[in-house]
Structure formats: structure tokens, C-alpha cells
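Subject: Structure for your review

Dear colleague,

My notes on it follow directly after.

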Amino acid sequence: MDNFNFKYTSDELLKAILTPLKKFKNKKQVSKKFLFSDVFPTDTSSQYKNDENITVLCEHYLNALRYYKFLETLKNSNVEILHYTSDVLFVSISEKNKNVISFWKIYECFVQHGREPSLFRATNTAKFCIYTKAFIEVDKWLTNFFNSEKWNLANNNLKLCCISGHVFRKNDVVQLNETRNYNLNNLKGFYFFRDYKNTTVDYASIKFVEIRDHYNLVHWDVDTDESYYLIYDSEKNFATFSYDKNDNEKIVNLKSARNQLRSYAFPIHEHLPFAMLPNEKKTEKENLYFGIELEVGYQRNCPKNKIHQLIEEKFLKGLAICKSDGSVSNGFEINTVPMTFNYIKTSNIFFDFFDKTKNWLRSYNMSNTGIHIHVSKKPLSNMQIGKMLEFTNSRKNRNYIIDLSGRNPNSYCQINDVLKVKHIALKEFGTDGRELNNSECDALDKMRDKYQAINLQHDETVEFRIFKGNTKPQAISRYIEFVHALVMFSKNTSPNNLDYDSFINWVATQKMTYPFLHEFNQKFLGNHKITLKEEFSYRPRILKQLRKTEIELPTVKVFNQEFRKQKTRKIIQR
């Protein structure tokens with residue numbers, strides 16, 4: 001497709017259209033009416049006569065000029081032109097010159113199709129380098145023009161996209177993270193075009209930030225099979241690149257569900273990063289993670305048309321998703337990412353969440369809701385899991401477990417005192433071909449049933465299903481503290497000490513770590529002197545720790561992709 005010609009050089013074209021360009025600059029307009037022959041003096045059109053008026057859009061006019069120069073640069077470099085160049089070849093100057101590049105035809109492509117030619121998306125490194133050099137050469141050419149004319153595009157409400165180099169109206173771009181000092185030599189395949197006034201603020205076309213399946217990729221490195229994309233932070237109203245982050249930032253690339261509930265099988269841990277403090281160990285083997293499944297219902301005044309999206313993209317941004325749950329009538333399930341215990345306490349997330357949703361969501365007074373807490377298996381030994389299993393199912397601990405969890409055993413969370421520490425070996429290591437006795441068969445059947453107080457059917461987690469549904473953060477904190485405390489207690493305690501008295505005494509030695517569980521334990525024993533205020537949270541104690549250790553919570557940036565729809569612009573006829 002390199003069989004094309006230029007009747008006019010880009011310098012000749014620029015000289016011919018200098019007058020309309022100056023009028024755009026001086027009038028500070030984004031659209032203006034011209035005679036066709038004044039704005040496209042090098043072309044003829046089957047649609048317009050030379051003495052006919054045409055309304056020209058400034059951004060497309062400048063982009064057409066830039067693209068014309070780009071094609072000329074590639075032609076002079078003897079580079080193969082990609083297939084879509086044919087869109088700008090057919091010009092009615094004369095039959096013998098039908099393959100002459102047309103400035104009018106380029107402009108028409110931008111106007112009619114909103115086309116943004118994307119030769120900067122190189123398919124291999126060699127082509128990429130050639131196209132990069134061509135774009136940078138074009139950029140220098142245009143920069144010289146704008147500087148010579150002292151033209152600040154911002155006066156026309158126009159911005160330059162630093163990825164493509166094209167000009168857009170200000171409502172069609174989003175500001176990039178301005179803390180990064182972009183350098184062409186370390187951008188992993190990107191190259192950028194600065195604003196013509198050499199500002200330090202960069203902008204990118206919204207087209208590159210919207211999710212359109214895999215087409216939101218800015219660059220794909222075929223050598224490393226890595227892809228990079230823009231991520232939009234709706235709260236701060238700027239975008240950043242997927243690789244452009246510091247150690248305290250978590251970047252999330254998750255499509256908005258637009259208030260629709262996600263599938264019950266949606267694997268949140270595969271889409272959102274685990275939540276931990278910056279100073280915590282990074283491996284799953286060393287970190288103990290907790291995932292919370294909170295079943296809730298709608299209150300009468302709940303804004304159902306936006307509540308799920310508010311939870312995912314604002315209230316629990318980057319930390320949870322909302323999904324359907326067939327067991328909950330008139331409600332749904334909130335599913336959190338795996339989080340460390342310290343992150344849960346330091347971030348105070350359930351207290352903050354309750355403040356925002358207490359008038360919209362309910363759970364405690366519903367008969368079909370519960371809270372399930374998953375704890376990661378990798379840091380746990382089989383012996384620990386066995387001790388946790390026996391403690392929770394032990395008959396002597398029955399009243400304690402019922403009072404703590406807030407509900408009696410039911411078909412969704414059965415308690416069976418037949419389950420002992422020794423039975424965990426049957427599930428993990430098999431029977432070595434020997435015949436099982438009746439109690440062993442019964443225990444093995446129970447461990448293979450997901451609707452137990454402790455569900456062992458997940459490959460990566462142990463699931464506690466005993467807790468009654470509740471949205472109050474004090475109750476949720478008590479449940480999480482119990483699971484964490486039981487994990488720690490079972491790590492060193494003897495199988496002979498799996499009773500609630502021993503557990504309560506051990507928790508009392510760790511009461512600063514488990515304030516809500518310790519309060520419950522004392523009330524269970526009849527000691528009512530210890531009472532936490534209703535508004536008590538982890539915050540006061542955590543703030544003291546933060547001052548000592550200077551821990552900062554990671555910033556979570558969520559790809560929201562919810563852009564405000566712009567109204568159709570009315571072209572003013574001047």
C-alpha cells in the first residue's frame with residue numbers, strides 16, 4: 001500500500017492553511033465557518049463547492065494536518081504503510097492522480113468516524129522504533145509551528161493526548177498522574193507527546209482509558225508478553241499507568257459491574273490484590289489471610305439502583321465485590337479480598353463501611369443471612385486444623401460457640417461432636433486401605449460436607465460458617481478476632497486443652513489484640529464490668545501504634561471506567 005503520492009508537501013499545505021489556523025487561534029474557537037477553498041485549498045470535494053461554506057472543527061483539523069505530515073514522513077523513510085492508509089488515498093483531483101493523499105479526506109475520516117489513527121501500536125520492535133521516530137519528528141514540526149504562532153491550545157479548550165499526540169476537546173481527555181517524570185528511554189514501550197506549552201501536566205484520551213475488552217491496552221510487549229493499560233481513578237479524576245505505581249499503591253484492573261450483581265462463582269482473589277500492610281510479608285505461606293462473606297438484605301429506603309456500585313467503587317473500593325446469593329431473599333452477598341488481620345484492624349474498614357450503609361443494609365434480623373470467614377490454609381498445619389475442628393464442634397464448648405456466633409446450629413452450619421483432631425488425618429492422608437469403624441466413617445462423611453460449622457472442602461481456605469448475619473462492626477470484629485485467636489491458640493496448645501475455659505484464659509493474656517472477643521468472653525463468664533462503648537473501634541489504639549511505627553495504609557486505585565456521557569455538541573454556525 002505504499003503506492004501513493006503527495007501533490008503538496010506538508011510545509012506547502014501548512015502555508016496554504018495558515019490563515020484559517022490563525023483565525024482559530026485569535027478567535028479562541030473550537031469550531032468556525034469557512035469557505036471550503038480556504039480551509040482545503042489543495043483539494044476538491046464531490047460534496048462541497050469551493051465557494052461553499054463549511055463548519056470546521058479545530059481539533060480534527062489539527063489532527064488531519066498532523067496525520068498528513070506523519071504519512072509524508074513515513075513515505076520519505078520508505079516504510080511500509082499499514083492497510084488503513086487506503087481510507088485517505090482516493091481523491092478526485094483527477095483520475096490519473098487518484099492515489100494522491102488528500103488533506104480533506106483525512107479530515108473527513110476524523111469527523112465522520114471519530115477515527116484516531118493508531119500507527120503507534122506497533123506489532124514488532126523494528127516497526128515500533130520507526131513509527132516512534134516518525135511521530136517524534138512530526139511532533140517537533142508541529143511544536144515549532146505552535147511556538148512560532150504563540151498558540152496555547154488551552155485557550156481553545158483543547159488538550160493534547162500524550163499517547164497518540166492527537167488533539168482533543170478538554171472533556172474528551174483525563175489528566176494523568178502528574179507525579180511521574182516521563183522519559184522516553186524508560187517507558188517500557190510507551191512514548192509520549194508533551195503539551196505544546198511544555199507543561200508538566202499530561203492528558204490522555206478517554207478512549208484509551210475506557211474498557212473495551214482488551215482494546216484498552218496502550219501497549220503489548222510481544223517479547224515479554226506483558227501488557228500495559230491506563231487505569232482511571234474516578235474519585236481523584238485522573239488516570240495512571242498499570243506499571244506506574246509505588247510500593248504503597250494497589251492498582252486494580254476490574255471492570256465495573258454497573259450496579260449488577262456478580263456471579264456467585266466470581267473468584268475475587270484472582271481479580272483484586274490481597275490486602276496487607278506495606279511492612280508485612282508478601283507470601284501466602286507466611287501471611288495469614290482472612291476473607292469475609294457478609295450476607296445482607298436491603299432496607300426499605302436502600303437505593304437499589306446504585307448500592308452495589310457504591311460498595312464496589314467507593315465504600316469498599318478495591319476490597320470487595322457484590323455478588324448474588326440464592327440463599328438470601330431480597331439481598332446479596334459482600335465478598336472481600338483476602339486481608340491480613342493487621343490490615344483489617346488498621347484500616348478500620350468495617351466501622352467505616354457501617355457508617356456509610358447503616359440506613360440501607362440489614363442482616364441481623366433476617367433468618368437466612370450469615371457471615372462466613374475464610375482463613376488461608378497454607379500457614380496452617382494439619383494438626384492446627386484438627387484442633388480448630390474439634391474445638392468448634394466439641395459438646396463441652398457448645399454453649400460458648402452458640403453464644404459467640406449468635407445463632408444455633410442449622411442445616412447450613414451443622415455442629416457434630418463426633419469430629420476430633422485425629423480425624424483430620426483421614427481427610428488429608430486417606431485410610432491406607434484399612435477398614436474404617438463407624439465413628440471414622442461418620443467423621444469422614446461430615447468433613448466431606450460443606451454445610452458444617454467448619455467447611456474443609458476448599459483447597460486454599462478453611463471456612464467458618466457458624467456466625468449469624470450482622471452489619472455492626474463490633475460483631476464482625478468479634479467474629480474475626482475469634483477465628484484469628486483460635487488459629488493462634490491451636491498453634492501451641494495441647495489437644496487435651498481444647499475447652500473454652502482454656503481458650504478464654506489465653507485470650508485474656510492477649511486482650512489488647514482481641515478487645516471485642518475479650519469483652520464477650522468476660523460477659524459470658526458473668527463479669528459485666530468490662531464494657532466497650534457502642535462507638536468503640538480499633539481506631540484509638542491503632543493510631544497510637546501508627547505514631548510509633550509510621551505505617552501508612554496502601555492507596556487503592558480502582559479502574560471504574562464510568563465516564564460521564566458528554567452531551568452531543570451543537571455546532572454553532574458562524
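What is the mean pLDDT of the protein chain, and what share of its residues reach 70 or more? The model is a predicted one; the mean pLDDT of the protein chain is 79, and 71% of its residues reach 70 or more. Two stretches call for separate mention. Over residues 179-191 the pLDDT stays under 50, and the model gives this stretch 35 contacts beyond four places in sequence. Residues 560-574 also have a pLDDT below 50, with 34 contacts in the model beyond near neighbours in sequence.

Overall make-up

The protein chain has 574 residues, of which 53% count as buried. Its secondary structure comprises 18 helices and 19 strands. Among contacts in the protein chain with a separation of 6 or more, 72% are between residues 24 or more positions apart.

In helix α2, which covers residues 18-27, the residues Pro20, Leu21 and Phe24 are buried. Viewed down the axis of α2, its buried residues fall within an arc of 105 degrees, so they line one face of the helix. Thr19 and Asn26 are exposed, and they sit on the face of α2 turned away from its buried side. After α2 comes Lys28, which has a positive phi, near 55 degrees.

Helix α15 takes in residues 473-492. Its 20 residues, at 1.5 Å a residue, should span 28 Å, and the 29 Å between its end C-alpha atoms agrees with this. Of the 20 residues of α15, 17 are buried, so the helix is largely enclosed by the rest of the structure.

Salt bridges

Side chains of opposite charge can pair when their charged atoms come close.

Arg395 has a relative accessible area of 56% and is exposed. Asp417 is partly exposed, at 27%.

Lys446 and Asp442 also meet in a salt bridge through their side chains, at 2.6 Å from N to O. Both residues belong to helix α14 (residues 438-447), where they are 4 residues apart, about one turn of the helix. Lys446 has a relative accessibility of 18% and therefore counts as buried, the cut-off being under 20%. Asp442 is partly exposed, with a relative accessible area of 29%.

In the pair formed by Lys523 and Glu519, the closest N and O atoms are 3.5 Å apart. Lys523 and Glu519 are separated by about one helical turn, because they are 4 residues apart in helix α17 (residues 515-524). Lys523 is partly exposed, with a relative accessible area of 36%, whereas Glu519 counts as buried at 12% relative accessibility.

Cysteines

How many disulfides does the structure hold? The structure holds 0 disulfides. Two cysteines may be noted for their accessibility: Cys161 is buried, with a relative accessible area of 0%, and Cys413 is buried, with a relative accessible area of 2%.

Where is Arg407 found? Arg407 lies in the loop between α12 and α13. With a relative accessibility of 16%, Arg407 counts as buried. Leaving aside residues up to four places away in sequence, Arg407 touches Thr369, Gly370, Ile402, Cys413, Arg465, Ile466, Phe467 and Lys468. One of these contacts is with Cys413, the buried cysteine mentioned above.

With kind regards

Methods. Residues are numbered from 1 along each chain as its sequence is written. This is a predicted model: local features need pLDDT of at least 70, side-chain atom pairs count only at pLDDT 80 or more; totals for chains, interfaces and linings use all residues. Side-chain values use heavy atoms; hydrogens and water are left out. Buried means under 20% relative accessible area, exposed over 50%, partly exposed in between (1.4 Å probe, protein chains only). A salt bridge is a side-chain nitrogen of Lys or Arg within 4 Å of a carboxyl oxygen of Asp or Glu. Helices (H or I, at least four residues) and strands (E, at least two) are DSSP runs, numbered from the N terminus. The arc is that of the directions from the helix axis to the C-beta atoms. The expected span of a helix is 1.5 Å times one less than its number of residues. pLDDT is the predictor's confidence in each residue, from 0 to 100. Contact means heavy atoms within 4.5 Å. A disulfide is a pair of cysteine sulfur atoms within 2.5 Å.
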